[in-house]
Amino acid sequence: MWMLENAFLIPLIPAISFVVILFFGKRYIGADRVHVVGITALSLVWLLSAVAAFQWTQRVENPTPDAVVQIEHHGDDHGDDHGDDHGDDHGDDHGDDHGAAVGDSEGGHGGGHSSPLIRPVISTFSQWWSNAGVDFAVGTFVDGQTVLLLMVVATISLLVHIYSTEYVKGDRRYLHYYAFLSLFTASMLFFVMAQNIIQLIVGWELVGVCSFVLIGHWWEEKPNTDAALKAFLTNRVGDVGLLVGMIVLWGTFQTFDIDAINTLISTNPGAHHLALLVAACCLMAAVASKSGQFPLHTWLPDAMAGPTPVSALIHAATMVVAGVYMIARLYPVFYEGFSIGTSSINLMAFIGGFTALIGAGLAFAQWDIKKVLAYSTVSQLGYMVMALGVGAWTAAMFHLFTHAFFKACLFLGAGSVSHAAHHTFDMREMGGLRKDMPHTYRTFVISSLALAGIFPFAGFWSKDEILLGSLVGQQNGYPLMLIFGCAVALMTAAYMTRVIWYTFHGEFRGHGQPHESPKVMTVPLWILAGMAVVAGAFNLPGPVLEPIGLEGLAHRIQTYAEPSVYLNGLGLSHPDPSLTMALVGLALALSGIVITYLYYWRRRGLHGLTERNRYARTGYKVLENKYYLDHLYNDVVVDTVKRPIAKWANDFNQNVLDRAVNTAGETARDVGRWVYKWIDQGAIDGSVNAAARGADSSGEGLRSIQSGKVQNYGQLLFGAAAVLAIVFVIVV
Amino acid sequence: MEVTGFDTWVLSLAVFLPLVGALVIMLIPKAYEMELKLVALGSSLMALVVGAYIAVQFDYGAAGELQFVVDKGWIDVINSRYIVGLDGLSLPLLLLSLVVVPLCLIYSWNHIPDPGNPKAFFVLLLILSTGMNGSFVAQDMILFFVFFEVVLLPMYFLIGVWGGEDRRYASLKFFLYTLFGSALMIISFLALFFLSKDASGELLQTFDMRVLTDVAGVGIIKSTQVWIFAGLFMGFGIKVPMFPFHTWLPDAHTQAPTVGSVILAAVLLKLGTYGFIRIAIPFLPEGAIAWAPWIGLLAVIGIIYGALGCLAQKDMKRLIAFSSVAHMGFVMLGIATLTDFGINAAVFGMIAHGLITGMLFFVAGSIKERYHTLEISRLGGLLKAAPRMGWILGFASMASLGLPGLAGFWGEFPAILAAYNPGAGMPEETFRTYMVIAAIGTVLAAGYLLWLYQRTAFGEPTEEFAGHEIADVNRDEWIAWTPFLIGIVLFGIWPNLIFNVTDDVVSGITATVEAIAAGS
Amino acid sequence: MVAQNIFFGILSAIVILSALRMVTTRNIVHAALYLVAVLAGLGALYVLLTAEFVATTQVLVYIGAVMVLFLFGIMLTKAPLGNAMEMTGKQWPIAAGVAALLGGVIVYSLVNHFGSDRLVTDGPIYRTADVSDEVFSTYIVPFEAVSVLLLAALIGAIVLARKD
Amino acid sequence: MLLNQFLILGAALFAVGVYGVLARRNGVMVLMSIELMLNAVNINLVVFGVQHGVVSGQVFALFVIAVAAAEVGVGLAIVLLLYRNRTSIDVEDFDLMRG
Amino acid sequence: MEALLAFSRPALDWHALAPELTLLAFGTLITVVDIIWDDRSKQAMPTLAGMGLLATLLPILTLAVDGTERSMFGGAYVVDDFSLVLKALFLISGYIVILMSVDYIRDGDYYENEYYTLMLTSLLGMVMMSSSRDLISVFVALELLSIPAYMLAAWRKGGARSNEAGLKYYLMGVFASAVMLYGMSLVYGLAGSTTFGVIAQELGSGAANPVAILGILFILIGFAFKVSAVPFHTWAPDTYEGAPTPVTAFLAVASKTAGMVALIQLVFVAFPGRDDVVQPFFWLIAALTMTIGNLIALRQNNIVRLLAYSGVAQGGFMLVPFAVAAEAPARAVEAVVIYMAIYAFMNLGAFTVVLAVARKTRSGEIDSYGGLFQYAPGLAVAMTVFLAALAGIPPAGGWFAKFGLFRALLDAGGGWAASLGVIVAINTVIAFAYYARILVQMWFQPVPDGDERPIVITGALRAALAVTLVATMAFGVLPGLVGHFGEVSVLSALGG
């Protein structure tokens with residue numbers, strides 16, 4: 001388990017790479033060859049992460065006694081019978097292998113597992129700082145969740161590094177670009193293995209600043225710097241919540257240690273409800289800013305001003321999921337704070353669901369391909385938050401995992417398109433690219449299908465789990481979330497189809513001759529596309545695998561990644577797989593595709609296309625024959641959903657939310673000016689200066705006493721003597 | 001601890017070597033410019049070497065106790081003695097002061113601002129240095145007062161002679177404000193002298209800060225403590241500066257020559273906060289407890305207000321100056337919590353602010369030298385014109401807005417954290433409100449700094465300077481700035497370098513305060 | 001006692017009236033003469049108070065020396081003998097007010113404190129010799145100082161007053 | 001005789017003297033008015049000496065007379081000096097310096 | 001004959017009177033030399049006068065070493081540590097003034113021999129003053145120090161301003177001494193004796209008696225004039241401006257100190273029980289003097305006039321401890337003595353610089369100091385030190401003086417003392433505002449006429465500058481020096 005205990009090496013490598021590139025890159029390596037350093041470092045990171053992941057699975061499979069928690073009976077008053085059962089199970093057969101767990105879940109225990117509760121590997125390296133007797137260890141915290149993210153970050157970062165060698169080739173600040181990619185990777189890795197909440201904050205801020213730098217990479221143009229500023233400032237707003245929330249946690253538990261906080265909550269779930277609610281709400285604000293949740297999501301589309309690989313890495317796959325990751329990491333806090341176990345709607349679930357909805361709606365209204373993807377990311381992040389909000393921890397992490405791959409692929413695909421189409425992202429200047437860019441087209445379609453949640457692509461599995469989680473919930477279902485989820489499923493499929501239509505089909509509307517990107521770009525695309533296909537395999541439900549005799553591989557993410565050592569105490573349950581739900585989800589996605597397909601293909605009268613397209617042909621025929629459906633689409637769906645709602649949503653987004661962010665900035669500046677002018681210079685400084693002027697002018701006034709005439713002086717002398725005498729003799 | 005041999009001299013050497021240098025320079029004719037500069041640099045570097053020796057010899061295990069103590073007769077008639085000593089609270093600040101001055105000298109080596117006259121300029125810097133060093137090691141109130149005041153005149157002249165357009169107004173304002181504060185401060189010192197009693201009720205009649213720390217104001221009734229504290233508050237609060245006594249600061253900073261601003265920000269402002277920690281709180285715990293919520297209030301007002309002030313600025317230096325108001329607000333908030341945690345954070349904040357804002361002023365000065373203006377709207381594209389300087393500005397801005405991993409964060413975050421759990425006897429809800437407001441202040445800080453950065457560094461250079469060749473960071477600047485940059489990173493990565501040293505002293509102080517709060 | 005009272009009455013009337021005339025007359029020489037009357041009246045009062053040496057000195061020094069000085073002063077400054085120059089300034093009401101206020105408060109205090117205390121008339125009578133004994137013993141230092149003062153005044157006055 | 005007879009005479013004389021020095025414009029007249037004030041003091045001193053039966057009152061009065069003589073001398077010298085330079089002894093004219 | 005026989009010569013303590021006699025001897029010597037050699041003796045005069053002052057320090061030193069308190073004439077004339085310290089202070093101030101005068105008087109072609117005679121006479125009065133514990137002695141000492149000063153103020157015979165200065169000083173001085181004498185007569189009337197000790201007993205400390213109040217008040221007013229306290233300060237600016245600069249320095253320092261000395265003796269020896277009059281009186285006067293002096297000084301353009309108002313304000317500071325005379329007598333005396341000592345050097349120093357600069361610029365306007373730092377850095381630095389000292393900024397000496405005030409006030413404690421303390425604090429700030437105007441000119445402004453020739457400073461001025469500069473800095477860095485004298489002087493003045 002050496003890698004788990006020495007996980008600090010993983011972020012250290014890109015950190016060194018950052019220093020090497022930034023300070024020695026130009027002189028010793030050559031500004032245009034620094035990617036060698038970055039890629040080497042990332043390869044190492046990837047290898048080490050893989051080793052770590054492997055070792056973690058070993059730890060779960062064959063736990064050493066000290067890796068297993070001897071769990072006590074947690075509070076019976078919590079009243080969760082599932083939890084009680086698990087507790088008993090563990091008491092009896094904690095050494096049991098995972099087979100029993102599968103058996104359990106099959107046995108109708110609501111998907112609960114009874115594999116042993118594996119401790120995270122916590123390595124504390126030194127006393128980082130201590131203040132007033134409070135010690136802060138700097139250390140690593142490695143468990144399944146960590147290694148999951150390690151793999152995601154390492155993989156995508158590596159691919160982005162490779163992809164970028166072509167994409168940003170010849171850029172003036174090639175060196176800085178790679179340096180900050182490295183720094184970002186280091187920060188992100190540091191963040192995911194944070195041992196305490198201070199480290200979480202540190203990592204959180206560092207990824208934010210890397211994001212700022214990379215969004216503003218082309219800082220010569222003002223829109224880019226505006227976007228960078230907006231991203232950073234919006235995140236800062238959320239950081240208020242982060243700071244306050246973390247402080248509340250610290251104040252409540254008197255520790256920064258994540259393990260300790262989680263354990264304290266999970267062993268005594270009922271306590272500190274109010275504090276946890278406050279903390280959870282504050283942290284929610286942080287999540288909203290970092291993970292683009294309503295209403296702080298507006299920075300994310302703007303952040304597309306950065307180079308596309310950066311968008312893929314930071315604003316799709318990794319940094320923006322930091323919020324989700326943090327919720328998952330401190331899940332007991334949110335679970336107890338928002339009473340996820342007992343409620344049927346809560347702040348987190350609502351924000352997530354609502355975000356998913358508006359994100360999807362907004363994606364319709366965009367012409368910029370990256371913006372579509374950005375809103376899609378917003379929407380999917382909302383999905384994840386919603387999943388966490390309904391108690392579907394594993395589903396959220398699973399979706400995070402799959403989403404990272406297909407969304408990165410989509411972004412890189414968009415980058416590839418733009419690379420080919422003269423650096424434009426406007427879909428109106430694309431079209432018909434499928435012939436010129438076959439690889440890009442194919443990977444894009446695969447990823448889109450994954451995103452849309454079409455069987456058997458990765459997105460299907462993870463989305464299904466979320467919908468299922470919403471349906472079942474914990475003690476109660478989350479019906480509203482389910483409705484949101486379903487709507488989003490449909491919309492997602494629809495807007496992705498639209499993108500594909502505009503980008504790859506029809507006539508080319510741009511300038512010049514588009515061409516396929518070189519291999520160095522398409523290979524990463526294919527790798528990601530491959531992941532988009534197979535990533536779902538990591539958490540397949542048992543029933544699916546049973547027929548092929550691989551039930552032992554079911555729920556791998558749940559088994560390995562879920563921090564059951566904490567969640568168990570909360571009584572978190574897992575829903576049983578449901579075929580019905582899966583079919584409903586699939587149907588929604590398909591109908592989304594079909595409707596859109598019909599809308600674009602048919603309306604344009606491009607019948608030829610339908611001939612060649614298998615899916616479209618089927619759907620088209622159905623719709624062709626049943627005209628009312630088209631009518632339904634045109635008059636009802638389009639007119640009511642797309643035009644008014646999406647437009648309204650877009651207007652609202654641009655005019656209210658986005659303006660609110662901008663005006664918040666402007667208002668602050670105006671207030672600042674006002675305060676400065678009237679309060680500072682006017683009142684405070686004014687009074688100081690007035691006092692000075694007063695002294696000056698009274699000095700001038702008093703000078704008139706000094707008339708120069710000696711008899712006036714005499715009058716004053718004798719007069720003062722008389723007055724003093726009167727005062728002292730008569731009055732006193 | 002018995003101090004013997006060379007160690008009895010080291011503190012005095014560190015304090016007075018620059019003064020000796022100044023006296024020597026005064027004897028050298030103006031024409032020997034190189035010699036003048038060498039003597040100046042040499043004496044300040046010698047002081048720094050002594051400082052390094054102190055840092056090495058310092059017994060970190062006993063950081064809570066005064067070390068290298070020298071206690072000699074000075075003004076017998078008023079029972080004031082020449083007592084200097086160094087503990088964990090003084091050490092970082094002394095070193096900061098010792099480091100900043102030679103760097104400023106180096107920076108000014110070929111950049112003596114108009115109207116020139118390096119001799120006078122260097123002499124004043126060295127006298128300033130003596131005053132600052134002395135303030136941090138003095139352990140007698142009168143001695144402290146003298147050193148505290150010694151810095152005034154040199155700074156007055158630095159601003160007044162080598163300053164900008166409005167220098168007369170600014171320098172006078174700086175001076176009058178501070179003078180008023182210190183007059184009230186000396187009244188309070190005397191009140192402490194006359195009213196302090198030891199545990200047995202005997203009048204002490206001493207200025208010895210060690211003794212007064214020990215007795216912790218037990219003989220002084222609370223209402224009196226409150227009044228005396230008020231005097232100290234004015235004295236130190238103006239220096240910090242706390243809202244609403246801050247208006248001298250933007251003017252002074254804006255008009256001061258670069259190194260003047262740097263020293264003002266890096267060291268002088270710290271005298272105020274140091275005074276709170278060293279004198280006001282330990283000597284008058286009950287007064288401090290009564291005042292703390294109000295100090296906290298002014299601190300958070302300062303945070304927000306300073307930030308708003310920044311947003312309104314059109315001049316880069318003035319903006320940085322206003323940011324000092326905000327940052328010192330965090331420091332004061334930490335102090336106002338009266339907790340070990342908060343005060344440690346405050347000390348850290350002092351050092352961090354010194355390095356970061358000092359750095360920002362350096363950059364501003366260099367920009368001014370190149371562009372001859374600091375009007376934000378006329379600048380732009382610094383990253384393009386002088387990329388290294390642009391990066392340094394960005395780095396310092398990031399540090400200033402409290403980016404974790406850099407020094408600024410460790411002053412800001414723990415201070416906010418400390419407000420969650422203020423010391424015994426403090427209104428918890430009030431401080432938690434302060435906490436939230438302070439946290440909001442961090443957003444504004446990011447706002448104004450990035451706004452500044454966007455408008456100065458990003459984009460293309462404005463038309464006005466489009467064709468101009470703007471020199472990038474030169475050698476002198478590198479030498480002067482590198483230690484600042486290293487310090488910002490080093491303390492950011494390894495905050496314990498400071499927390500470890502200060503904690504013993506601060507915990508001693510807060511333990512007393514807590515005991516008194518519990519007793520009353 | 002009655003005789004003394006009558007004598008006092010007459011003398012004090014002379015003194016006060018002369019003094020008033022002195023400060024109000026428009027003729028400077030007249031003023032000087034009124035001053036002589038005041039000084040003389042006071043000298044007589046000193047006699048009434050049995051202060052013979054003071055009375056003598058009053059006559060010798062004041063009426064003899066000081067008045068001559070004044071007359072010289074009047075002549076040397078060629079002051080108009082008539083009332084050509086306005087002798088009293090425009091601010092005389094203020095002056096009168098101040099004087100009245102000051103006099104008033106003094107009189108008020110005196111009346112308040114001494115009330116109708118009688119003058120001690122049977123006390124010891126000090127002759128010139130007694131006075132000189134006192135001067136040359138207890139007050140020897142001030143006496144010497146006054147002599148230095150007169151010398152210095154003499155030297156200084158000469159320097160200032162002489163024509164260069 | 002009442003003590004106050006003399007004292008009030010002195011007070012009156014003093015007040016008249018004050019009026020004189022404040023109201024008179026002629027420098028020499030001012031000097032003469034000063035003598036009134038000093039004589040008022042002398043009355044008090046002599047009377048109090050008698051009242052207490054001590055000689056020091058008379059001695060004091062003598063010192064006052066001597067000093068007054070010196071003062072008059074000096075005063076006249078200064079007035080004369082001014083007269084010589086300014087051909088005026090009107091004290092209201094002497095306001096070169098003010099403020 | 002009987003009377004003659006009855007006279008017994010009082011036992012004179014010649015040692016105690018030695019300082020006065022030495023001074024007298026030198027004064028006479030100067031006069032005699034003047035008469036004999038006339039103009040040829042001019043060169044020797046300053047030296048002779050200076051030597052006289054230094055020689056007078058010798059018996060003071062022997063008396064100090066001897067250390068016994070010598071009281072003569074029934075306590076009317078006392079030589080104790082207090083008086084010795086102040087005598088020394090007067091003599092040293094006088095010496096510095098003579099150093100300042102040498103070139104001024106010689107270059108101006110004024111009457112030289114008489115100048116020094118009068119100076120010595122005035123100093124004799126001051127030396128007497130510090131020993132006088134008797135109304136008559138105090139009165140005579142006052143006149144002895146004042147009358148020569150009246151004449152010295154008018155010493156530039158040709159200058160209309162100087163004449164006017166003399167006249168104003170003279171008239172106001174005489175008015176004030178008339179008031180004072182009237183007060184003395186009343187106090188004498190109540191006490192029946194001129195000796196302070198008796199007066200203290202007779203005035204007692206019981207309920208207020210209007211005549212006593214009046215007497216005390218008038219006496220204090222007489223000396224308040226001398227220390228140019230508001231509203232009896234009006235003469236000071238005009239006289240300072242008009243008088244020859246060394247004389248101004250003399251008036252601003254020695255004469256003011258003498259007034260303070262008299263006040264100390266009156267307040268602490270003659271009226272110790274009458275704090276019901278003394279304390280409020282001084283509270284009021286001190287507050288007024290500081291504030292008004294400072295405020296008017298803000299608006300001055302002539303440096304001497306500015307220093308005059310500054311002197312008024314400084315006098316106000318010195319009066320502050322009297323406001324707590326009863327509550328903290330020892331501290332109050334100490335504070336005043338320390339203040340006087342430091343003030344003497346810093347103010348004389350400032351005037352020395354003024355003299356030196358005027359030798360070149362021939363102007364008294366503050367504007368004429370423009371760019372002084374560029375062509376006469378030494379003078380500018382010296383002036384800076386003196387002004388800093390006057391403003392009370394460490395390490396220049398003045399801070400310790402102000403510190404003494406605060407110490408006395410806080411030792412007394414209470415609302416009145418504290419409020420006066422705050423007034424002092426505010427005034428410190430106002431004061432710096434106008435000192436800064438000079439600093440601004442010297443350091444920040446260009447030379448007005450571009451004439452950057454250096455200033456030639458003569459030996460005597462150089463010496464004066466050196467003495468004052470060293471003393472000012474020494475008092476600031478090692479205040480123990482002056483503090484010690486302050487402490488010594490307290491004990492004997494209060495008879496402790």
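How far apart are the closest C-alpha atoms of chain B and chain D, which no contact joins? They lie 25 Å apart. Two residues are in contact here if their C-beta atoms, placed from the backbone, lie within 7 Å.

## About the model

This is a predicted model, in which local features need pLDDT of at least 70, side-chain atom pairs count only at pLDDT 80 or more, and totals for chains, interfaces and linings use all residues. Residues are numbered from 1 along each chain as its sequence is written, while chains are lettered from A and ligands numbered from 1 in the order in which they are written.

## Which chains meet

Let's start with the assembly. There are 8 pairs of chains in contact, and chains C and D share the most contacts. Chain B and chain C, by comparison, have no contact joining them, and their closest C-alpha atoms lie 35 Å apart.

The contact between chains C and D draws on 79 residues of chain C and 59 residues of chain D. On the chain C side, two or more residues come from each of α1 (2-24), α2 (28-48), α3 (52-76), α4 (92-114), α5 (128-137) and α6 (140-161). That side has 59 nonpolar, 15 polar and 5 charged residues; Ala, Val, Leu, Ile, Met, Phe, Trp, Tyr, Cys and Pro count as nonpolar, Asp, Glu, Lys and Arg as charged, and the others, Gly among them, as polar.

## Chain C on its own

Chain C has 6 helices and 0 strands; helices (H or I, at least four residues) and strands (E, at least two) are DSSP runs numbered from the N terminus. With a radius of gyration of 20 Å, well over the 15 Å that the globule rule gives for 164 residues, chain C is more spread out than a compact globule. The radius is taken over C-alpha atoms, and the rule is 2.2 Å times the number of residues to the power 0.38.

Along the principal axes, the C-alpha atoms of chain C fill a box of roughly 55 × 40 × 25 Å. Among contacts in chain C with a separation of 6 or more, 54% are between residues 24 or more positions apart.

## A residue in chain E

Now a closer look at E:M318, which lies in helix α13 (residues 303-319) of chain E. E:M318 counts as buried because it has 29 C-beta neighbours inside 10 Å. The buried class needs 20 or more other C-beta atoms within 10 Å of the residue's own, exposed means 12 or fewer, and partly exposed is in between, with C-beta atoms placed from the backbone.

Leaving aside residues up to four places away in sequence, E:M318 touches E:M260, E:V336, E:Y339 and E:M340.
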